[in-house]
Amino acid sequence: MSRSALLFLRGLRDGLPIGAGYFAVSFAFGIQAVAAGLDAFQTFVLSGSNLTSAGQFAGIGVIKAGGALAAMALTQLVINLRYCLMSCAISQKLAPGVPFWHRWLIAFGVTDEIFAVSVAAHGRLRPAYSYGLIAAAWPGWAGGSLLGAVAGDILPATVSQALAMALFAMFVAIVVPAARADRRVLLASLSAAALAYAPWTAALGEGMRVVLVTLLVAGAAAWLCPLRDKEAPHA
């Protein structure tokens with residue numbers, strides 16, 4: 001088996017828990033999308049082309065309110081601005097010589113959880129590994145949205161809301177091992193959580209709050225705790 005195939009399978013394995021968590025959350029999204037007036041096909045296309053839970057739930061709110069396309073575009077820009085930062089960070093970890101079209105496709109699949117797994121991976125990132133992550137996560141999100149749109153009324157609302165907690169538990173499971181292995185990661189994680197709930201950031205919108213906290217904490221960590229040459233990712 002080729003190296004690319006092995007990397008793809010490894011990414012697929014690492015992405016399966018993400019896909020399972022996405023399935024639970026997107027099921028609840030599918031229910032809300034139908035309640036907002038979308039049909040099952042529209043819900044599936046929306047989820048399949050826009051991998052962002054916060055952005056999609058906000059988009060449903062704009063649709064229900066009858067907002068203009070400009071309002072929708074601005075809402076998505078602000079809420080999803082953090083993915084620009086994440087994509088830039090992942091771009092620095094990709095192996096040298098990775099062509100632009102690979103970078104573009106990988107950026108499409110960047111989510112909070114995929115970013116966390118990618119930056120925690122040892123060594124340089126290869127496109128095959130990233131595609132494995134996306135191949136496991138994308139069907140969970142798009143498929144869960146479709147199933148929620150089609151059969152959401154079968155489950156009580158309390159069960160659907162409880163399923164949404166799976167995503168938060170999964171994200172904690174991604175961060176905790178890295179924080180236990182490196183005190184710098186633990187310090188950065190605690191600092192980010194403290195800033196996110198500080199009074200002066202809580203007044204901001206979700207998207208702007210995430211961007212601001214990311215810039216402040218990541219910048220401070222890079223300045224105060226720079227990686228030594230031997231710790232830097234290698235090919």
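Okay, let's start with contacts across the chain. If you take the contacts in this protein with a separation of 6 or more, 77% of them are between residues 24 or more positions apart. Keep in mind that what we have here is a predicted model.

So what is it built from?

Let me zoom in on one residue, Ser26. You'll find Ser26 in helix α1, which covers residues 3-35. Is Ser26 buried or exposed? Its relative accessible area is 0%, so Ser26 is buried. And what does Ser26 touch, once we leave aside its neighbours within four places in sequence? Those contacts are Gly140, Trp141, Gly144 and Ser145.

Now for a pair of helices. Two packed helices are described by the angle between their axes and the distance between the axes. Our pair is α7, residues 112-120, and α8, residues 127-151. Their axes come within 11 Å and cross at roughly 150°. Angles over 145 degrees count as roughly antiparallel, so that's what we call α7 relative to α8. The crossing is right-handed.

Which residues make that contact? From α7 it's Ile114, Val117 and Ser118, and from α8 it's Tyr129, Leu133, Ile134 and Ala137. Sort them by class and you get six nonpolar, one polar and no charged residues.

Note on methods:
Residues numbered from 1 in each chain as written. Predicted model: local features only at pLDDT ≥ 70, side-chain atom pairs only at ≥ 80, totals over all residues. Heavy atoms only, no water. Helix = DSSP H or I, 4+ residues; strand = E, 2+ residues; numbered from the N terminus. Buried < 20%, exposed > 50% of the residue type's maximum accessible area, 1.4 Å probe, protein only. Contact = heavy atoms within 4.5 Å. Axes fitted to C-alpha atoms, helices over the stretch in contact; angles between N-to-C directions. Parallel < 35°, antiparallel > 145°, perpendicular 65-115°, else oblique. Left-handed = near helix turned anticlockwise from the far one by under 90°. Nonpolar A, V, L, I, M, F, W, Y, C, P; charged D, E, K, R; others polar.
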